[in-house]
Amino acid sequence: MIEESVVNLSRLQFAATAFYHFLFVPLTLGMSFLLAIMETVYVMTGKEIYRDMTKFWGKLFGINFALGVTTGLTMEFQFGTNWAYYSHYVGDIFGAPLAIEGLVAFFLESTFVGLFFFGWDRLSKVGHLTVTYLVAIGSNLSAVLILIANAWMQNPIGADFNPVTMRMEMTSFWDLIFNPVAQSKFVHTISAGYVTGSAFVLGVSAWYLLKGRDIEFARRSFRIAASFGLASALSVIVLGDESGYHAAETQETKLAAMEAMWETESAPAGLTLFGIPDEKNRTTHAEIKIPYVMGLIGTRSTDKVIPGIDELEKKIAARIDTGITAVKALEALRRDPKNADLLARFTAVKADLGYGLLLKKYVADVSQATPEMKARAVDDAIPAVAPLFWSFRLMVGLSLIFLSLFVLSFWFAARNSFMQKRWLLKWAVWGIPLPWIACELGWFVAEYGRQPWTIHGVLPTHLSTSALSAGSLWFSLSGFLLFYTLLLVAELYLMFKYARLGPASLGTGRYHLETLPRREFEHDRLRDSQAHLVAARRRPAAGLRHHGWP
Amino acid sequence: MGVGTLLPFVGKTDDERRVVLNSVGPHWEGNQVWFVTAGGAIFAAWPLVYATAFSGFYFAMLAVLWALFFRPVGFDYRSKVADPRWRGFWDWGIFAGSAIPALVFGVAFGNVIQGVPFYFDDVMMVRYTGSFWALFNPFALVCGVVSLAMLVAHGANYLAIRTEAAIQKRAKASSVVATLVMLIGFAIGGWMIASMPGYLITSAVEPGLAQSPLDKTVIVQSGAWLSNYSKYPLSILLPVLGFGGGLLSLLAITRGRAGLAFVATAVAELGIIFTAGVSIFPFVLPSSSQPGSSLTVWDCVSSHRTLGIMFWVALIMTPIIIAYTSWAYRVMRGKVTVEQIRANDRSSY
């Protein structure tokens, strides 16, 4: 058995490193496509301002991308360093999408991102556009494969336990790839990324408009972000609903906890809009319910019942009892591997093996489990209600805020009057962080809602870690937090610096601030002014008109 | 890795360092994916090796990861602020992010060759019983030095192709030094391995069957790591390639043939890495405390189905990856000069 502090610290470390990683991923996903759209417009119209847009937003994309790669390294290795038993137990299935991600997606993204930044002068217009699309496709493909791996943790299909190797093994690759949970999760997650990218471009552009600088540049960026953002926000919400449907099918415990469904309701169940869940008394205070809606989302029918926590606990208690038989049968089989009789006995009950393992948290020999231990294991099997209930509602609330932002932005962009709507622009600026919060909350609901399992119904979290000491984990956790925070500070510093500098950072001599004396780049001022002269010679009007496009 | 390690030494001024960085600027990111994918491939192919090595070498892996953090960020952030302190900080960050992983991987491999103290408990949970400081023993350090030196030699030869004038001159000198260190280290390592205890499987081996690593018996015998060279005589070519590649690189670089030297160090690297692999074959991770728990290429693999899928994916994708990576190098070919960096001040690293 592994000490509980090691399990908790491992979870904390994974959560921290995953949350950090996902500060950068959504922006990469969203901006890579926004860049591709901007560059497509450039290639189609030939207007240089769209190339400058691609380059400038590309610079911000690059600042973010570097940390996405950095924090992603940890994710690729962390399963081995901190979740050794997990890696052994499910590596046969889980490792494949990770390795395929590297071969199919990450190579594509990383090789072409180099050409995206450095290939402008070496590639034809269409050649460079292709490169930009390949970066976008690579980053999105990457998301597909990672989410396939994650979906398998939520809904482990296409796999079976092998008592000889003591691990789960793949029985169907196609089940793994076409896991229904993976599909809704993928579209939900990348749409969330597109929303994040759009909200970022929208907000920064709105800030330029509020300051009255780089109007032409910001106006065009705002429009693109508003349209792309609107489509993505709708997709996030629709596919969030689809995820809810799959959660009802595959992870009843998560859904019941998220919705604080203490008791099974007659179909179709109502949706709790608001309330204060009370874990101790198993009730929700001040509940506001919309009748029928939950049943419709969860079952796509009016007659199927969604089980509440009371009913789920009964089912789990029964599975734990069978699970004890499975664990004991496996132990006997391990001592006498050639015995066909033991194998048949184990095979009959192996579907509940994971539930028997839940007891290992309390007792090494599960047949010695007391009724009290079993009751605690049943209790463990339902994730804590309040954190899920609140995170989910906060996420949905935020998504409604940015949906309305995009609807209004799109509406006023279509009527070409958004530049006068200062309240809208301010809303866009202050709305920049919201999609990030929603993304992190979404992951929290997905992963915390999977507890107490790493692989739902198969492998409990408390058995999944490496056999490390708590001291080692304190050391590594502090190290990760220290390095990540340092890097995040550097990232934010550069993000703000370059967002403030705006397209002038490209040094084309066409944008705001470019003739004013600058403290930035002070020591290359001489070189800049030479470049400026060259640019001015090429475009006679450019040196004079900084607030508009000639 | 080699270029990153050399950065503070072959580039004396800021402009020179930017030349060095930009010579790999468009490519380091894609190249680094080989490293990440290697981790993923081990996970998919030998889950137990992934689990045992990464959790056993916990602090070594942390050192690698934390050092690596400074590479992507260093490349991308260094030239975005003009302050020399900022740039100096990232120069050393990139140096650490390149040299430490190269060194630690060599040290880790040196320990693998000697056997690592671990065993499996009754539910196949791996327990590592060694300490972090025990990793730094003479043989492992020699391996670390060889690993670092061969990457530096290769990086120096690359720089000799892609740069000119002072930087190129320093790169060539570094190549000579690094190649010599690599050759001497490789020779010392070979001499040490000959008398070192190696591992042999004494029970019948049935490759291709689902099996547990605990079902075999293993003995420890001095000099056993050389037995493969008598069993498979052709494998002696591998250490020959290691030495030959190094010598060819020395000859080529001193005669100004940087391209040939680059190919030569590539050959030397292959020779050296495969020499290590063949020596311990079929072991992947021998256990020094319970030799019977050692992991071999057969008994810790993934299922037949998973390996089949990975085989096809790798067979199709690897040539495609090599093709577009080569294309990317072709697009960006030619010397990187100080003048180019100055002309593209805002878009260069």
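Colleague: Does A:Thr508 count as buried or exposed?
Modeller: A:Thr508 counts as buried, because its relative accessibility is 17%. Buried means under 20% relative accessible area, exposed means over 50%, and partly exposed is in between, with a 1.4 Å probe and protein chains only. One caution before we go on: this is a predicted model, where local features need pLDDT of at least 70, side-chain atom pairs count only at pLDDT 80 or more, and totals for chains, interfaces and linings use all residues. Residues are numbered from 1 along each chain as its sequence is written, chains are lettered from A and ligands numbered from 1 in the order in which they are written, and side-chain values use heavy atoms, with hydrogens and water left out.

Colleague: Where is A:Thr508 placed?
Modeller: A:Thr508 is in the loop between helix 17 (470-501) and helix 18 (525-538) of chain A. Helices (H or I, at least four residues) and strands (E, at least two) are DSSP runs, numbered from the N terminus.

Colleague: And what separates the C-alpha atoms of A:Thr508 and A:Met38?
Modeller: Those C-alpha atoms are separated by 18 Å, while A:Thr508 and A:Met38 are 470 residues apart along the chain.

Colleague: Okay, zooming out. How many helices and strands are there in chain A?
Modeller: Chain A has 18 helices and 6 strands. Of its 550 residues, 61% count as buried.

Colleague: What is the radius of gyration of chain A?
Modeller: Chain A has 27 Å; with 550 residues a compact globule would have a value near 24 Å, which agrees. The radius is taken over C-alpha atoms, and the globule rule is 2.2 Å times the number of residues to the power 0.38. Along its principal axes, the C-alpha trace of chain A spans about 90 × 50 × 40 Å.

Colleague: Let's pick out helix 6 of chain A. What span should it have?
Modeller: Helix 6 of chain A covers residues 180-211, and at 1.5 Å a residue its 32 residues should span 46 Å. The expected span is 1.5 Å times one less than the number of residues. The end C-alpha atoms of helix 6 are 47 Å apart, which agrees.

Colleague: Why is helix 6 of chain A described as largely enclosed?
Modeller: Because 26 of its 32 residues are buried, helix 6 of chain A is largely enclosed by the rest of the structure. Just after helix 6, A:Gly212 takes a positive phi of about 70 degrees.

Colleague: Now chain B. What does chain B have in helices and strands?
Modeller: Chain B has 13 helices and 6 strands. Of its 349 residues, 57% count as buried, and its C-alpha atoms fill a box of roughly 65 × 40 × 40 Å along the principal axes.

Colleague: Which residues of helix 10 of chain B are buried?
Modeller: Among them are B:Leu238, B:Pro239, B:Gly242, B:Leu250 and B:Ile253. The buried residues of helix 10 pack against helix 7 (138-162), helix 8 (165-194), helix 9 (227-231) and helix 11 (258-280) of chain B. Contact here means heavy atoms within 4.5 Å.
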